[in-house]
Protein chains: 4
Amino acid sequence: MTVDGKPTLGIGMVGYAFMGAAHSQAWRNAPSFFDLPLVPRLAALGGRNAEAAAEVAGKFGWESVETDWRRLIARDDVGLVDICTPGDTHAAIAIAALEAGKHVLCEKPLANSVAEAEAMAEAAEKAARTGVRAMVGFTYRRVPALSLARRLIAEGTLGQIRHVRAQYLQDWISDADTPFSWRMDKTKAGSGALGDIGAHIVDLTQFLTGERITGVSAMLETFVHERPVPEAFSGLSGTATTGAERATVTVDDAALFLARFSGGAVASFEATRMASGRKNALRVEINGTDGAIAFDLENMNVLHHYDHTEAAEHAGYKRILVTEAGHPYFAAWWPPGHLIGYEHSFTHQAVDLLNALATGTDPEPTFADGLRVQRVLAAVEESAAGDSVWTPVPQ
Amino acid sequence: MTVDGKPTLGIGMVGYAFMGAAHSQAWRNAPSFFDLPLVPRLAALGGRNAEAAAEVAGKFGWESVETDWRRLIARDDVGLVDICTPGDTHAAIAIAALEAGKHVLCEKPLANSVAEAEAMAEAAEKAARTGVRAMVGFTYRRVPALSLARRLIAEGTLGQIRHVRAQYLQDWISDADTPFSWRMDKTKAGSGALGDIGAHIVDLTQFLTGERITGVSAMLETFVHERPVPEAFSGLSGTATTGAERATVTVDDAALFLARFSGGAVASFEATRMASGRKNALRVEINGTDGAIAFDLENMNVLHHYDHTEAAEHAGYKRILVTEAGHPYFAAWWPPGHLIGYEHSFTHQAVDLLNALATGTDPEPTFADGLRVQRVLAAVEESAAGDSVWTPVPQ
Amino acid sequence: MTVDGKPTLGIGMVGYAFMGAAHSQAWRNAPSFFDLPLVPRLAALGGRNAEAAAEVAGKFGWESVETDWRRLIARDDVGLVDICTPGDTHAAIAIAALEAGKHVLCEKPLANSVAEAEAMAEAAEKAARTGVRAMVGFTYRRVPALSLARRLIAEGTLGQIRHVRAQYLQDWISDADTPFSWRMDKTKAGSGALGDIGAHIVDLTQFLTGERITGVSAMLETFVHERPVPEAFSGLSGTATTGAERATVTVDDAALFLARFSGGAVASFEATRMASGRKNALRVEINGTDGAIAFDLENMNVLHHYDHTEAAEHAGYKRILVTEAGHPYFAAWWPPGHLIGYEHSFTHQAVDLLNALATGTDPEPTFADGLRVQRVLAAVEESAAGDSVWTPVPQ
Amino acid sequence: MTVDGKPTLGIGMVGYAFMGAAHSQAWRNAPSFFDLPLVPRLAALGGRNAEAAAEVAGKFGWESVETDWRRLIARDDVGLVDICTPGDTHAAIAIAALEAGKHVLCEKPLANSVAEAEAMAEAAEKAARTGVRAMVGFTYRRVPALSLARRLIAEGTLGQIRHVRAQYLQDWISDADTPFSWRMDKTKAGSGALGDIGAHIVDLTQFLTGERITGVSAMLETFVHERPVPEAFSGLSGTATTGAERATVTVDDAALFLARFSGGAVASFEATRMASGRKNALRVEINGTDGAIAFDLENMNVLHHYDHTEAAEHAGYKRILVTEAGHPYFAAWWPPGHLIGYEHSFTHQAVDLLNALATGTDPEPTFADGLRVQRVLAAVEESAAGDSVWTPVPQ
C-alpha cells in the first residue's frame, strides 16, 4: 500500500493512556509536517478494555482495535509494534513482536530488570540481522534544544567534559494523600522515580556527552510509605488491590547518585517526585574545558551555551531560543520564536524512526542503549542497598 | 452527518500557508483532545494553486480542494468558512460566506481598513440574527497563561489598572536583504508591523483589561525602504512584480504609540520586526493598585503574577507555570510541567468556537471586537501622520 | 596637604539624607579601593539642622559641619562642593560655588527648570576657563554593566541603532496612603517621576547611544491627587505644611513618551512610581542592525548582549556577569562573580571625577549634558500639555 | 574609650589580602549604617610584610601595623582578633588570642583538620566561661536573602524538609595554566574546593534547615595535577617554591557528595572551581512538604519562594527582591530595589558580632558550628578515600 506514491507502514500500538496519546499524536503529525520516505498508517490500537480503547482510537484515527496484544502483533497490516504499556510487559511484547518480524518502538525504561533488558537487546540484535529494527523511546534526545546541545558537544565545542549535573525534579506525589497508582508498585514499574524519570537523565547525559557512566554511588529514599487506594483502582494486571484502604509504596520516591563518565567527568544525578514546586524540571548542566551548556525542560525551547574560549569580559551564558530553521527538527514547524511543546519530541522520534527504517539503518537509541541505562539503574539500586559504596556499571 | 452520535460541522478553509497549517492542526486536534459537542470535518481546502493546495490537503487530511473560494462557500458540506488569506481578501470572502449562511472564522487583522471592517461587522451582526456566527482569530487570547491573566484581572485581583505596557518584538526583517513579501506591501497587508503584530497587542490588552483604548499618540517608522524581490515572487493577486530587482516597502517596519484606556490606565505600545535578537517577544505587563501580571510569549507557558496586597517582605513576582489541570484549557493536554506550544492556541480557538456554535452563543472575539482593533490601528496611523497629536479612537 | 605624598581635595557636601549617605560612602571608599591621583578629604558636611548633620558627619567621618551652605562654600579647606539637596536649591548653590572657584558635583536632575539649568551650564562653562570643573550626578553611567554597554556600542558592536526602549519602574508611592513628601511638591522637585527617575533614563540612553533625543510626544499622569501629610513633615525650605491633614500632589506619578534619536532610532520611555511590583526596575533595551543589549537595574551586575552577526542557530542573548577584572571599574573590587551594589556607582563617580580633576579634563556628564536632559524633560512637559503633539528638543 | 558616649572595641586584624579588604570594609561600614552598642576601632592590622600591610592600613584607616601576630594579640588596645589568614594558621592564632582574653572572629573554614578545630572549639568553650567570645566567618548566613530563607524555614513555612541541593560552582582555575597558589597546596589550605567553598554550603544548609548532616557518600577529583608557578610566588609560610617551574596540586578541584540530614532530608552537594561559566554560583534549593526556596549567589538580592499550600493553579516560585525595610539587615541600607553586594554580608557579620558582644551572648556561628562543618569535610574525605562508602558524621 502506498500514499502519494510512498510506501506505508502499519503501526500497531499497545497502550492508550498518557503515552498512548503522545504517540498517537506523533504518528499522525509526522507526515503532516515532515517529508517522509515511509508513511505511517494508524492500523491498530491495542488495549484490554475494548470500549476505552475504541474511544481513544476514535479520537486519534486508529483504524481498528485489538484487545489482545498477541493478535495485534499477528496482524498482517501491522509492520511496527509501538509499546506504551507499563514496564513489566515490555519484554514479552517486544520479544514476541521482533520474533514475528515486526519493528518495535518500546517506551522507556526498556524493562524492569537487567535480565529482561538483556533478553530484549539480544532479541533486537537477532532481529536486526533480518532487517527488523528496535528502538527505545527516550524522546528527550529529540527536544531540539537538547539535540542542539548534542551537536555542540559532538563538534567539540565544550572541549573535554569535566562536570555533568542532571536533575529530574517533579512534585506530583509530594502530597501524602496523592493516591496510589501502578507507578508506585515495584512489580509493575520496576522502580519509582529512578526508572520513571531517572532513566531519562541517565540516557540523556550519556547521549549528550557521547560517553558512558562507569560507576555510581547512590541512595534511594521513600518518604511516603502508604498511600490511599483510589476507589476505581485496578492494577493493569487485573489484580486490583480491592478492599484495602491504603496500599504500600514499594518503590523509591527519590533517587540520588554520584557517577563517573568514561571520559573522566564527575557527575551528580537526582530524580525525585517530591521536589515541591518543580513540575517537570529536567535540568542538565555540562561543563567542559572549553565551554558549557545548561538546559531546563520547564523552558524547553531554550538552550544556554557558554563559550569559555571567548575573552572573559565577553563571555557569558547565551540563551539560544532553539526555534530557527537551522536548528534540529525546527524547519518543519513554525517561524522563529514560535515555540513547540512536549508532544513534538514524540513526532521527532517517529520521524527519525521512519527515516531509519526507510534507509535500513539502526534507529537510536537502540535496545542496547536501553540495556545500558538499565545497567546503570541496577548499579544505583545495588549501591543504595550497599551503603552507597562505589558500584561499577558493567559495560 | 454525525460522528459517535455527535453532529459534525464541515470546515472550508481558504489559504494554506503558515496560518493554514496552524488552522489545519487545530481542526484536527480539537476533537482528539477535547470533548466537543460538535465535531469538525475537514471538508474542503481552498487555494488558487490546485497542486499546492492538494499537497497541503493530503498532509492534513482535508477531504477535497477548491480553487475558487466562491465555490468553496457554496458547497453544501461546508458549514463554516475559515479565512487564512492576506488581509485584502478578508472582507469579500467573509461577507459572502455570512450572506450564504456560513459561519466564519477570519484571521486577524479583521481587514485592511476601517471601512472594510465596518462592513464585515455589519454583515456579522445581520447574520447573527439568523444564528450565523463570526469570529476573528486573535488566538493569543487562548494562550493558557494569558487566559489565566484575564481570569485574574476579571476577578479583581489587580485592583484598578494603572499601567499597560505591551511590546511585540520580532527581528525577521531586520536584515536589509531579507526579501520583499506581501507583508511589506500596503495593498495586500494594509500595514506592516502595526497590523501584523501590533493588532495582536491591541486586542490582547483590551481583552486582558476588559477596557477599551480611548486615544493614542503614535509614530511609525520604515527603516528599510527597498528590498530585493525573490525570483519566484508573485503577489497573491496574481500580478507578480517581475522584472524588478528591488521592490519598495510601503508599510511600517515599526509602530510605537502611547494610549489611554477607558478605566484610566496609561499605556505604551510597540510593534516592530526590527528588534534584533527578539524573535517573537510579545510581552505584556499590567500594573494595578493591588497587583500586576507580566508575560512573554518567548516563554509562553509562564505567567508572572505579583500580589501587592501581601506584606512587602513576602511579595514578589510569582512564576506560575500554567500547565495545571485547573488552568484554562490545560486539563485536555499533558501532566503539569509538560509544555504546550504555539499551535495549541489555535486548537483552543477551534474548541471555543465549536462550543459557542453548539450552544448558540456569540464566539469571542467578535467582528465588532475586530473592528474595535481596526479603529485603534487607524487612529495610530492618523496620529502618526499628524505629528503624533493625540487622536481619539471612535468607540 | 597631602596623603601618602598625594595631593588632597577637601569635599564640602550639602545635604545628608539618602543621597548624602551614598555620596559619603563614595568619598570614603574611592581611595580605599582605587589608586587615585587626588585624595578626597571629607572636610565639611552642610545641613540646616546642626544636630542631624553632626550625627551623619560622625557616622561617615566628616571632619566638620556647616549649617549655612554659603559658609561651607567659603571655607578654604573645601575645594569641591557636592550638592545633594532637592532640585530647587541646585542652581543657587552650584553657581555660587563655581563663582567661588570651587569644583562642583551636583545631583541630578541638574535643576528644576531649563532656565536654571542654562544659568548653571553657563556658569560651568565660564568656570571651566579657569580650570574649575562641574559634573552632574547621573551615576548609572557608572554601573559597570552599563559602562560596558556603552563600550560595546561605541565600538560599533550594535551597528546602527534603531530601537531604544527605556523604562524606570518603581512602586513606592503606589499606595494612596503613602505620605506626602517633597518629591510630590512641584516647587521643590520640579516634577515627579519625570525628573526624579525619568531624567536618569534620558541621560542614560543618550550616553549609551552617543546620540541625542531630537523630539518627543508625551503624556503625564497623576493617579493619586492628595496624600496624607506626615505629622513631623516640614518642607526643606522651612515652610512646613502644618495644620493640613492632606496635601495636594502637584507633580506627575508617571511620565510616558515616544522619542527619536539623532541617529534615526525610535524610542519609547516610561517613568513611573506606580508600577506595582517593580521596585527599581530601570530597564534599557537597545536594538541595532548588528546586535542588541538589554539591562535591568534589579539585576544590575548583568548585561545581556545579542550579536546579530552570528549565524542564526548560534545567536542568542548572552548573560554577561559584569564582574571581571577586564570590565569597567571591576578590577578594584572583588573576584569574578562577587557582586557589587547600588552604592558602588557613586564611588565610581567620585573616582572618575577625581581623575578628571587631576588631569585637568572635563568630567562627564557635564552641566551641558545636564542641561540637555533638562531640555528633554521640558519638551516632555510641553508635549504632554499640548495634546501629545510632537515637540522638538532644542539642541 | 568611647565614641558618642558608646564604648569602643579595638580590632586587630591578621591578614590583609582579599578577606582583609572585605573585613576592613565591614568594620568601617558597620557604625556608619547601623546603630551599634559597641563601636569598632580599627586598631591594628597584622601582616608579615610591613610595607604591604601599611599600604592596606592606609587605605582603610587602620591606626597601626604589626608584623608579628603575637604582638598584635598582646596589645592593650586590641579587644578582638580578626583572623583572615590561610587555614593552617587559624588554630595557633585563635587559641592564643582566646587565651589572652581577646574575642575572636576567624575566617572559614575554621581549621585545616578536625583535630585543630576541636582544639579551637575547646578553647572557645573555655574562653566563653570568662565572657570571651569566638565566631567563625560563614558570612553567607548574613546575605539578606539567605537570612530571610532561614526565617521562613524556622517559621515552618516549608513544612518538613525532604530535599536539599547545594552547589558552589566557580571556574577560576578551570584553565590548566592558571598559576599555582596557596589554595592548591594541602599544607596551607587543608583541602581544595571542598574546604574553600564546599565548607560554605555545608554550613549554610545546616543553618538554613536548622538540622545537621548525619552522613555522607563522597568523591573528590583533581583535574589539573600540575600548574605553573608564578615568578614572584612565595608561600605565606615563607618557604617559597623557587626554582620549580611547575608545582603539584595537592588538593581537590571538585568535591561531590550525597548526604542525609538529621530531620530525614536527602541531599546533594557539589563544590568545584572548574565549572566553566559559573563564576560564583552558590546555589541552594530546599524542598519541604509545604514549600520550597531557591537561591543563587550570582543574583544574591533575590530569594525564590514556593508555597505548596496554595492552590495548584495559583502556586509558583515567587521572586522576592530582598531589599525591603522589613527584610533582614536591609533597613540600614537603601530604598527597596537598590541592591547590595558581596561585601555587605561582612558588615552584617560585624554588626551581629558587636551586638552579641555588647549583650554578652554567644555570636553564631560558633566555633562548635565550625567544628561541625569540619567533621563533615573530614567525613567527605574519608568516604572519598574509601570507595564512596557511606560515612557517618560524628555528632
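Me: Of the residues of chain B, which comes closest to the rotation axis?

Reply: A word on the source comes before that: this is a predicted model. To find an axis, one copy is superposed on another, and the rotation and the shift along its axis are read off. For chain B on chain D, the rotation is 180 degrees with 0.0 Å of shift along its axis, and the RMSD is 0.0 Å. The residue of chain B that comes closest to that axis is Lys318(B), with its C-alpha at 1.9 Å.

Me: Which strands of chain B and chain D pair, and in what sense?

Reply: For pairing, look at the bridges and at the direction of the two strands. Strand β17 (residues 317-321) of chain B pairs with strand β17 (residues 317-321) of chain D over three bridges, in the antiparallel sense. One bridge to look up is that of Tyr317(B), whose partner in β17(D) is Arg319(D).

Me: How many residues does the contact take from chain B and from chain D?

Reply: Twelve residues come from chain B and eleven residues from chain D. By class, the side of chain B that touches chain D divides into five nonpolar, three polar and four charged residues. To see whether copies use one surface, compare the lists of interface residues. Here 92% of the interface residues of chain B are also interface residues in chain D, so the copies meet through the same surface.

Me: What rotation superposes chain A on chain D?

Reply: The rotation is 180 degrees, with 0.0 Å of shift along its axis and an RMSD of 0.0 Å. That is the relation of a two-fold axis. In chain A, the C-alpha nearest the axis belongs to Val389(A), at 2.0 Å.

Me: Is strand β14 of chain D largely enclosed or open?

Reply: Count the buried residues of the strand, then find its partners. Seven of the eight residues of β14 (residues 281-288) of chain D are buried, so the strand is largely enclosed by the rest of the structure. Strand β8 (residues 161-169) of chain D runs antiparallel to β14(D) and is joined to it by eight bridges; Val164(D) stands opposite Ile286(D) in β14(D). Five bridges join β14(D) to strand β15 (residues 291-296) of chain D, again antiparallel. Here Asn287(D) stands opposite Ala292(D) in β15(D). β14(D) and β15(D) form a hairpin, with two residues between them.

Me: Where is Arg273(A) found, and does it count as buried or exposed?

Reply: Arg273(A) is in the loop between β13 and β14 of chain A. The test is a count of neighbours, with 20 or more needed for a buried residue. Arg273(A) counts as buried because it has 25 C-beta neighbours inside 10 Å. Leaving aside neighbours within four places in sequence, the contacts of Arg273(A) include Asp171(A), Trp172(A) and Asp253(A).

Me: What do the buried residues of α9(C) pack against?

Reply: For a helix, begin with its length. Helix α9 (residues 344-359) of chain C has 16 residues and reaches 23 Å from its first C-alpha to its last, close to the 22 Å expected. An α-helix has 3.6 residues a turn, so residues three or four places apart point the same way. Among the buried residues of α9(C) are Phe346(C), Ala350(C), Leu353(C) and Leu357(C). The buried residues of α9(C) pack against β2 (6-14), α1 (18-33), β3 (39-46), β6 (103-107) and β7 (134-137) of chain C. The helix is followed by Gly360(C), whose phi is positive, near 70 degrees.

Definitions and conventions:
Residues numbered from 1 in each chain as written. Chains lettered and ligands numbered in written order. Predicted model: local features only at pLDDT ≥ 70, side-chain atom pairs only at ≥ 80, totals over all residues. Least-squares fit on C-alpha atoms with pLDDT ≥ 70 in both. Contact = placed C-beta atoms within 7 Å. Helix = DSSP H or I, 4+ residues; strand = E, 2+ residues; numbered from the N terminus. Expected span 1.5 Å × (residues − 1). Buried ≥ 20, exposed ≤ 12 C-beta atoms within 10 Å, placed from the backbone. Pairing = 2+ DSSP bridges. Nonpolar A, V, L, I, M, F, W, Y, C, P; charged D, E, K, R; others polar.
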